[in-house]
Amino acid sequence: MSQLGLADICGHLKAAVISHTPGDFIIAEAFRLGLSDDELRAGISAFRSFLYELYDMLANNKNRFDVKTREKNGTLPARFPIIEEMGAILFQFGYHGRLETEPKNELIVYGEDMLHVSKMQKYKHLNKMSKQRKLELFDLLSELGFYFEDADFSENIDFSKTGTFYVQYENDDSLLTGLKLMALAQSNVKAKYDRYSTILMRGDFYLLANVKPKPPTVNIAEYATTQPPDIREWVISLDELLTRSCQVVGEVRYFLCDGTFSYTSRKTKNVVCKIDLKAKNSSAIPNVNHFEKSSDILNQLTEFMLDTMRSKNRNCKNCSELNNPNFVKCPYGGGEPHRFSHKGEDFELCRHNGFEFLINNEMERDVLMKWIELELEWGS
């Protein structure tokens with residue numbers, strides 16, 4: 001598969017933006033800014049529309065920004081820094097800005113506050129950006145409708161010499177309410193990797209429901225929109241099958257909105273499978289417990305799936321002891337390793353890890369659906 005470009009990433013992120021606000025969603029009092037429900041919803045909606053416009057502009061001008069991408073440790077955020085950099089600027093506006101609503105919405109920001117490093121800025125803050133990069137990003141914001149009163153950011157951006165300025169938005173000033181809310185949501189997340197692309201740059205308002213910080217979560221029905229139609233339909237069908245007897249936990253991972261979903265049987269308390277939805281190479285990871293009763297599914301595996309199992313044979317990234325011939329039990333859970341044979345080949349894998357299969361191909365998705373159905377039946 002070809003290397004992902006900025007247009008691909010922007011398409012993925014645009015699809016990951018939360019597309020509607022449930023009618024029964026209530027923002028906690030501490031985050032309401034003294035506004036009515038209608039004003040708060042208008043702000044969230046305006047910010048959502050802004051994100052769509054931003055991702056469209058970046059995708060349509062990919063040659064303008066692709067030259068800025070760099071590869072570091074193979075991670076997507078490092079290869080596409082503009083996403084986190086734009087998130088950093090927007091967050092600082094919302095986090096430090098005081099929202100005024102009369103005679104119109106605007107954020108009042110003191111220049112030096114933009115240089116203060118909050119807990120959300122530990123890996124990306126404005127001091128680390130070059131002058132040229134900041135100029136490029138502020139120019140982009142101006143193209144998108146932002147206006148900065150009492151500050152000239154057209155030739156030089158030096159917040160240490162900037163006094164109070166006013167962030168305004170000419171298209172729909174409700175956006176500034178939404179930006180303030182999203183900054184509050186971003187600052188209310190409890191996560192190891194709290195990147196802007198997982199909260200603010202998705203318009204994730206759910207973290208505003210409770211004052212106590214929580215990890216970001218995601219609904220798979222909403223998140224499946226990031227996938228092509230055939231994969232999306234399969235994922236939704238699988239989710240409907242699994243949720244009848246499983247609890248599901250969804251979370252957004254830090255690699256530019258990768259979503260992972262874990263299904264645990266309510267009866268056996270064992271993980272039945274996991275689904276990883278990514279911008280590239282989405283996968284399903286079914287468990288192997290049902291092989292104790294039946295291994296009929298092995299005869300339906302494609303050669304590509306068998307190759308996948310061979311490559312993962314005796315491989316547990318969290319458990320170096322698996323390669324020890326005296327290995328009995330994984331310290332990360334799952335009990336003793338699962339061992340089985342197929343057509344003269346021996347396979348072994350730590351139970352907590354499972355086998356990871358790509359879901360790009362329809363034939364393999366059909367086999368995986370049957371595999372997971374058998375895993376559901378195990379222990380029943």
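Student: How do helix 9 and helix 11 sit relative to each other?
Tutor: Two packed helices are described by the angle between their axes and the distance between the axes. In this predicted model, the axes of helix 9 (residues 229–242) and helix 11 (residues 362–377) come within 11 Å and cross at roughly 10°. The two are therefore roughly parallel (angles under 35 degrees count as that).

Student: Which residues make the contact?
Tutor: Contact means heavy atoms within 4.5 Å. Among them are W234 and L238 of helix 9, and L368 and I372 of helix 11.

Student: Before we go on, what are the ground rules of the model?
Tutor: Residues are numbered from 1 along each chain as its sequence is written, and side-chain values use heavy atoms, with hydrogens and water left out. As the model is predicted, local features need pLDDT of at least 70 and side-chain atom pairs count only at pLDDT 80 or more, while totals for chains, interfaces and linings use all residues.

Student: How do I read the ring pair F138 and F148?
Tutor: A pair of aromatic rings is described by the distance of the centres and the angle of the planes. Rings pair if their centres lie within 6.5 Å; planes under 30 degrees apart are stacked, over 60 edge-to-face, and the rest tilted. For F138 and F148, the centres are 5.3 Å apart and the planes at 50°, so the pair is tilted. Both F138 and F148 are buried (under 20% relative accessible area, 1.4 Å probe, protein chains only).

Student: And what about F153 and F165?
Tutor: Their centres are 5.3 Å apart with the planes at 90°, so that pair is edge-to-face. F153 and F165 are buried too.

Note on methods:
Axes fitted to C-alpha atoms, helices over the stretch in contact; angles between N-to-C directions. Helix = DSSP H or I, 4+ residues; strand = E, 2+ residues; numbered from the N terminus. Parallel < 35°, antiparallel > 145°, perpendicular 65-115°, else oblique. Phe/Tyr/Trp six-rings, centres within 6.5 Å; stacked < 30°, edge-to-face > 60°. Buried < 20%, exposed > 50% of the residue type's maximum accessible area, 1.4 Å probe, protein only.
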